[in-house]
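Subject: Structure for you to look at

Hello,

Please find the sequence and the structure below. My notes on what was found come after them.

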Amino acid sequence: MKNNWKIFKKTFRELSLFWPFFFFLFFLVLFLVFYSFKFSWFSFFFLAILSIFLFLVFRQIFSLIKRYFILSKERNYILSIVEGLLDAVIAYDEDFVVTVFNSSAEKMFSLSKKEVIGKVIKPSLIREPSWQLLVQVVFPSLAPAIKNRVKSKFREEFDLVFKEPEREFHISSGRLLDAKGKIIGFVKVIHDSTRERQLLKEKTEFLDIAAHNLNTPATEIRWGIETLSQILQERKDLPQEVSSLISKLKRAISNLIEIVDEILSAAKIEEGRFGYNFQLGDIEELIEERLKKWLDIAQKHSLKVYFSKSKERLPKVFFDKFRIGLVIDNLLENAILYNVKNGEIEVKVEKDPQRPYLIVSVRDTGIGIGEKEREKVFAKFFRSEKAKKHQVEGIGLGLYICRNIIRRHGGKIWFKSVENRGSTFYFSLPVKKELIPPKEVPLV
Ligand code: ADP
């Protein structure tokens, strides 16, 4: 209400030029009616109609002006939000004439609003060094590398990677539509992820070096513990404490070797040199083989494990037995570690009813994954708060590796989960060899 009054006062002030004109017209009419004509019902009627007409016209003008002020106020409001954003925002119309270029964009592209707003961005501008970066953002196909492209009808997200200087931008791009749904322009929000990427790269490089250096001594320690265990087992008078200590040491060293392997695998994946050996195989056979390893461990955690084979005969598929074995191991290990006592695990294989794929699922009755954390589950080094409390060990690389392995096979990995009720992880594998991508493109 207070706001409306302010707008009204402002509009009234802005209309100041109209008021003398309005009063002049009004007195002119009065003068004409009372002096030029004799009073008659006709002139009275004429005056009444004219007043109503004038009233309607001014009301219309008034509401138009009011609308103009509201719109310009909203526009300023939105522009100040856009101005305050840390991410760069650029909007342009269908003819690539720039209409919005915020302060962060000025800093990011080292160009001023004055230079950019109203300018037509053409691919040929790429020849001018100061415009190069902006042109590549507007026309991503001109950039040296595009990564992680996700496209939907109205939005597109991708990363642009530049060399010399090394920079990485995460870009969300959308269309601007008018009230009738017609495209009137485009908007791009650009997040400079160079620093984050650099930190992540440094973290992975550090871990990679650490893992490489840990690999040899860890393998030697495992060999030493196993030899020692064999020697000691031959002794009949071996105290119980010593044999339980040996078991603990064995478990600790195999955990350490698993972590070292995961770090080395993640580094290889990022460099696109994980290497795959595709062969025709039976996925149910592989699951049975992997389950043998995990049954004892599941029993120790008081868990029941079921394997529901497909009712129909499944076709053989092309996969890397070792790598898909790793995926199955990972999903089973998580289903055990994040389960509750006396819980269940069910492994299933089915044919996708609509597409030429086989779907493997691993269902558990464990802690589940909260709504807020779902997006991050396949990200590198992610561990949920709940998972950290429930299971201290783990570095959050398993699912990241699984996602890359499944992607390399032309399949997908996803999950459904209800917090405190359990999770089901699924992955699909194509039945047709042609659906397997020709080369390894890492998802980082
Ligand atoms: P890690 O198990 O070493 O932490 P993963 O990459 O295998 O790493 O899993 C990442 C995170 O995803 C886990 O830390 C956990 O928070 C969550 N998660 C994975 N599987 C499950 C599951 N079956 N139930 C609940 N949370 C899970």
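I start with a pair of helices. In α9, Leu 286, Ile 287, Arg 290, Trp 294, Ile 297 and Ala 298 are in contact with Lys 321, Ile 324, Gly 325, Ile 328, Asp 329, Leu 332 and Ile 336 of α10. By class, this contact of α9 with α10 holds nine nonpolar, one polar and three charged residues. Here Ala, Val, Leu, Ile, Met, Phe, Trp, Tyr, Cys and Pro count as nonpolar, Asp, Glu, Lys and Arg as charged, and the others, Gly among them, as polar. Two residues are in contact if their C-beta atoms, placed from the backbone, lie within 7 Å. Helices (H or I, at least four residues) and strands (E, at least two) are DSSP runs, numbered from the N terminus.

Two points on the source. The model is predicted, and local features need pLDDT of at least 70, side-chain atom pairs count only at pLDDT 80 or more, while totals for chains, interfaces and linings use all residues. Residues are numbered from 1 along each chain as its sequence is written.

Helix packing

Two packed helices are described by the angle between their axes and the distance between the axes. Axes are lines fitted to C-alpha atoms, for helices over the stretch in contact, and angles run from 0 to 180 degrees between N-to-C directions.

The axes of α9 (residues 283–300) and α10 cross at roughly 30° and come within 10 Å. That makes α9 roughly parallel to α10; angles under 35 degrees count as roughly parallel, over 145 as roughly antiparallel, 65 to 115 as roughly perpendicular and the rest as oblique. The crossing of α9 and α10 is right-handed. A crossing is left-handed if the near helix is turned anticlockwise from the far one by less than a right angle, and right-handed if clockwise.

Helix α7 (residues 194–233) packs against helix α8 (residues 240–270) at an angle of about 150°, and their axes are 8 Å apart. The two are therefore roughly antiparallel. Their contact has 19 nonpolar, three polar and four charged residues, and α7 passes α8 in a left-handed crossing.

α8 also packs with α12, at about 40° and with the axes 10 Å apart, so α8 and α12 are oblique to each other. Glu 262, Ser 265, Ala 266 and Ile 269 in α8 meet Gly 398, Tyr 400, Ile 401 and Asn 404 in α12.

Loops

Ser 302 lies in the loop between α9 and β8 (304–308). Ser 302 is not a glycine, yet has a positive phi of about 55°. Most residues other than glycine have a negative phi. Asn 420, in the loop between β12 (413–418) and β13 (422–430), also has a positive phi, near 65°.

Asn 420 is exposed, with 12 other C-beta atoms within 10 Å; a residue is buried if 20 or more other C-beta atoms lie within 10 Å of its own, exposed if 12 or fewer, and partly exposed in between. Gly 368 touches residues including Asn 420 and Arg 421.

Regards

Key
Lists of a residue's contacts leave out its neighbours within four places in sequence.
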